[in-house]
Amino acid sequence: MNLKNVVAGAVLAVTGLVGATVLTVASPPAASAASLTQVTNFGTNPTNLQMHLYVPDRVAAKPAILLAIHYCGGSGPGFHSQTQYASLADRHGFIVIYPTVTRSSKCWDVSSPAALRRGGGSDPVGLMSMVDYVKQRHNGDADRVFATGTSSGAMMTNVLLGVYPDVIKAGASFAGVPFACFATTNGSEWNSQCSGGQSIKTPQQWGDLVRAAYPGYTGPRPRMQIWHGTNDDTLRYPNFGEQIKQWTNVHGLSQTPTSTDTPQSGYTRTRYGSTGGTAPVEAISMQGVGHNIPVDAAQVIRFFGLDATTPTTSTTTTTTTTTTTTTPGLTGCRVTYTVNAWNTGLTSSISITNTGSTPINGWSLAFTLPGGQTITSGWSATYTPASGAVTARNVSYNAALAPNASVGIGFQANHTGNTGEPTAFTLNGSTCTVA
């Protein structure tokens, strides 16, 4: 059973990341000249992952490295737009890697035997290649490599901490599950017992699963920050407690918190092994919050110890201005438009394909939203206006569209009951076919 199909509405709903800073409609460009850049040929990459990199204009002398891992159905550029990690990198001088899954489900492999052992293959190997690339090309600090993610990305965060404890120094998991909880042997990406909160083990059993991922490893273990909503109906709330069991056991800690406090209304924070802000394990239970979990990037950076870092050096950055114009000779385009709706909200995923023979450098896609739909946030494009006749324009990293190439964009919107799709699309003034 495919993770994307099973939880399409709930997992894709996390696109909004309620409470996080998201890409606002038609937001003005940031003052910084730094931009998201795609990196190819970054090393061993058995599952054809994509890598986007954000290097601030000014970085620390030996910058920390953060892997920011998207949810199921998302993308690296989308996660960049929807979270505050890049702006925090500008402030504190670390580098952010935004990886993207390319398999059809757009979900991370957190279930196969290959993914759950060190050097076994699959997604973790490609992610480590990205980290190695930043270490080599940008003087990245091998002692300050961190991982964070939401939903499927949170599961991968748990996987990376288990498989590469000598590389990842700390992680932050938003609405995830324990390491190896999603394990399957039949090729399926989905584990209903785990997602339903029915995989209950002792702390020792959970800890043994982590230790078995890298037999013989005796070095220090990564610290872990765990976030979960009590009303999560996709990856049920018991997974919160099971993660606490696992990572306290890995650290040899008691299940009894060292401290408990309420950082904000409805949030209960427990720390294990220390009362300080960089405890070995920190867990935040969010009362009444569902799977569409807010991402508090500042608290993640605080837990990783990156908030005290000050940029000291400048990077050499070449900037270009992309102008969206009608491309002469555009002979064809195709649009695939997918809606996932819930209650009064929806997400729309759009794939644009240049079916012509002429490369496009700068594009705009025009369409009319059905009545009652209003865009609240978007990714991989700017959208103006928020309702009615909308134009989506490229951002800096996806302006070029070669013949037969595609680009994926999308947005979240409110609706008043009409969850229909636009009936027509034009790309740079040319009518597109609708797949």
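Of the 435 residues of the protein, 54% count as buried, where buried means under 20% relative accessible area, exposed over 50% and partly exposed in between (1.4 Å probe, protein chains only). This is a predicted model, in which local features need pLDDT of at least 70 and side-chain atom pairs count only at pLDDT 80 or more, while totals for chains, interfaces and linings use all residues. Residues are numbered from 1 along each chain as its sequence is written, and side-chain values use heavy atoms, with hydrogens and water left out.

Start with the whole chain in cartoon view. You have 10 helices and 24 strands to explore; helices (H or I, at least four residues) and strands (E, at least two) are DSSP runs, numbered from the N terminus. Contact here means heavy atoms within 4.5 Å. Among contacts with a separation of 6 or more, 74% join residues 24 or more positions apart.

**Stop 1: helix H6**

Select residues 152–163. How many residues of H6 are buried? The count is 12 of 12, running from Ser-152 and Gly-153 through to Gly-162 and Val-163. Now check the length of H6: its end C-alpha atoms are 16 Å apart, which agrees with the 16 Å that its 12 residues should span at 1.5 Å a residue (the expected span is 1.5 Å times one less than the number of residues).

**Stop 2: H5 against H6**

Show side chains where they meet: Asp-123, Pro-124, Leu-127 and Met-128 from H5, with Met-156, Val-159 and Leu-160 from H6. The residues of this contact divide into 6 nonpolar, no polar and 1 charged. In this scheme Ala, Val, Leu, Ile, Met, Phe, Trp, Tyr, Cys and Pro count as nonpolar, Asp, Glu, Lys and Arg as charged, and the others, Gly among them, as polar.

**Stop 3**

Next, select H4, residues 85–92, and colour its buried residues: Tyr-85, Ala-86, Leu-88, Ala-89 and His-92. They cover an arc of only 160 degrees around the axis, which puts them on the same side of H4; the arc is that of the directions from the helix axis to the C-beta atoms. Step on to Gly-93, which follows H4 with a positive phi near 80 degrees.

Jump to H10, residues 297–304, where 6 of the 8 residues are buried, Val-300 and Phe-303 among them. Just after H10, Gly-305 takes a positive phi of about 80 degrees.

**Stop 4**

Select Thr-353 in strand S14, residues 345–354. Is Thr-353 buried or exposed? Thr-353 is buried, with a relative accessible area of 7%. Its contacts beyond four places in sequence include Cys-333, Arg-334 and Asn-404.

Asn-404 is exposed, at 64% relative accessible area, and its phi is positive, near 70 degrees.

**Last stop: a cis bond**

Finish at Pro-385, in the loop between S18 (382–384) and S19 (389–393). The peptide bond from Thr-384 to Pro-385 is cis, with omega near -15 degrees. Most residues other than glycine have a negative phi, and most peptide bonds are trans.
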